[in-house]
Amino acid sequence: MNTAITFTIDGTTCTAETGMYVIGAAQKNGIYIPSLCNMDGVAPRGSCRVCTVRINGKLMAACTTPVSEGMKIENDTEELRDLRSQIIETLFVEGNHFCPSCEKSGNCELQALAYRFKIMVPRYPYRFPVREIDASNPKLIKDHNRCILCKRCVRAIKTKDGKNLFAFKNRGHKLAIIIDPSLASSITDELAERASKVCPVGALIKKETGFAQPIGSRTYDRSPIGSTVELAATSPNAKETAL
Amino acid sequence: MSKPVIATASLAGCFGCHMSILDIDERILDLIELVEFNKSPVDDIKTFTKMCDVGIIEGGCCNSENVHVLKDFRKNCGILVSLGECAIMGGLPALRNGIPIKECLEEAYLHGPTIEKGNKIIPNDDELPMILDRVYPCHEIVKIDYFIPGCPPRADLIWDALVSLVKGTPMNLAYETVKYD
């Protein structure tokens with residue numbers, strides 16, 4: 001049975017139940033821990049490490065670490081802000097993130113995190129890797145220039161009969177997402193829509209839907225990512241807009 | 001005290017960032033009170049006539065002339081600012097970075113659908129700047145002091161950043177204005 005526990009985040013006493021991960025427990029207490037690969041309702045993966053926190057002095061991923069009694073968690077510190085910023089900057093230079101021409105711009109979680117962390121320019125040199133675009137499927141475009149290999153599509157998207165539409169191929173720096181071509185040829189509009197929403201960046205785009213929202217009304221145009229979590233803490237009636 | 005002197009240039013850009021400078025609307029009258037322009041397309045001064053306090057660079061470096069102008073700006077400006085995505089990360093011109101330069105030139109001058117028949121040459125004249133192997137962000141060529149993102153950067157962002165810079169006040173840039181698109 002789940003039992004109530006108390007722990008602290010940056011000195012603030014929080015309460016939760018056992019069986020929760022640190023990131024979810026923090027969210028319940030109105031504290032936002034930034035993350036990219038984590039998604040509500042999908043088993044955590046801990047691949048992006050953006051949610052790195054210090055738990056009892058040790059660096060750990062908040063999305064894969066179960067919360068426990070008496071944990072002392074550091075979240076919003078100078079050190080962690082810089083560590084997270086470094087990860088985000090690395091992701092920007094590692095791929096080809098041309099925000100001005102990307103359909104996901106404004107709704108992109110990677111971009112939104114960069115806005116939240118006030119990144120004006122990455123501290124690392126741009127790599128400009130050569131990556132492929134696969135537009136052969138009738139409903140989905142897969143643009144590997146933008147993929148951050150968070151595996152959200154692999155973990156969250158299944159066809160009606162439980163088959164995987166997405167998978168990883170290769171290893172190391174050649175690691176890439178592949179779409180099952182025979183399954184992809186018959187997916188519904190709804191599934192294609194969901195796949196493009198599950199993707200935190202613009203690597204999966206539903207065809208013929210780009211640039212539908214005007215600039216100014218997109219998800220992260222006016223309020224930073226995580227502000228709904230923080231807002232929920234100050235006003236209990238604020239609705240959570242989880243993905 | 002004399003006014004701070006500003007210089008601007010557009011390298012491998014589309015002049016959209018300069019348009020966004022003009023987009024500050026009637027504040028342009030305040031700007032004239034606040035600063036003096038030197039080498040810039042805004043006043044059409046072609047060469048530096050004195051040391052400038054702030055140099056604003058739009059666009060990345062796609063050819064030898066861009067590099068020359070950028071280095072000239074570094075020499076003649078106390079503070080150098082990258083304005084817009086192209087200056088910061090190469091922008092849309094950098095979409096060619098994954099394509100070999102030979103292929104780019106052949107597509108543009110030999111095989112493209114709009115090439116006139118019997119007129120197929122790749123321009124190669126001493127007068128023309130050499131195209132670089134890829135498009136480089138400005139800060140990979142010279143030291144850049146500040147970065148103002150956007151495509152184009154919002155006029156309010158340019159205004160807030162520039163006014164803070166020339167007045168020496170802290171930069172409190174509004175969330176709504178700092179965007180990459």
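In the predicted model, a salt bridge is formed between A:Arg152 and A:Glu109, with the closest N and O atoms 3.0 Å apart. This pair connects distant parts of the chain, A:Arg152 lying in helix H4 (residues 152-156) of chain A and A:Glu109 in helix H3 of chain A, 43 residues apart. Both A:Arg152 and A:Glu109 are buried.

Over all chains, the structure contains 24 salt bridges. One of these joins A:Arg123 to A:Asp82, again with 3.0 Å between the closest N and O atoms. Distant parts of the chain are linked here too: A:Arg123 is in the loop between helix H3 (109-116) and strand S6 (133-134) of chain A, and A:Asp82 is in helix H2 (residues 78-94) of chain A, 41 residues apart. A:Arg123 is partly exposed, at a relative accessible area of 41%, and A:Asp82 is partly exposed at 32%. A:Glu193 and A:Lys197 form a salt bridge with closest N and O atoms 3.5 Å apart; both residues lie in helix H6 (residues 189-198) of chain A, four residues apart, or about one turn of the helix. A network of salt bridges links A:Arg218, A:Asp221, B:Arg154 and B:Asp181.

In chain B, five of the six residues of strand S1 (residues 5-10) are buried. Strand S1(B) runs parallel to strand S2 (residues 36-37) of chain B, joined by two bridges, with B:Val5 opposite B:Glu36. Five bridges join S1(B) to the parallel strand S3 (residues 52-58) of chain B, where B:Ile6 stands opposite B:Val54.

Note on methods. Residues numbered from 1 in each chain as written. Chains lettered and ligands numbered in written order. Predicted model: local features only at pLDDT ≥ 70, side-chain atom pairs only at ≥ 80, totals over all residues. Heavy atoms only, no water. Buried < 20%, exposed > 50% of the residue type's maximum accessible area, 1.4 Å probe, protein only. Pairing = 2+ DSSP bridges. Salt bridge = Lys/Arg side-chain N within 4 Å of Asp/Glu carboxyl O.
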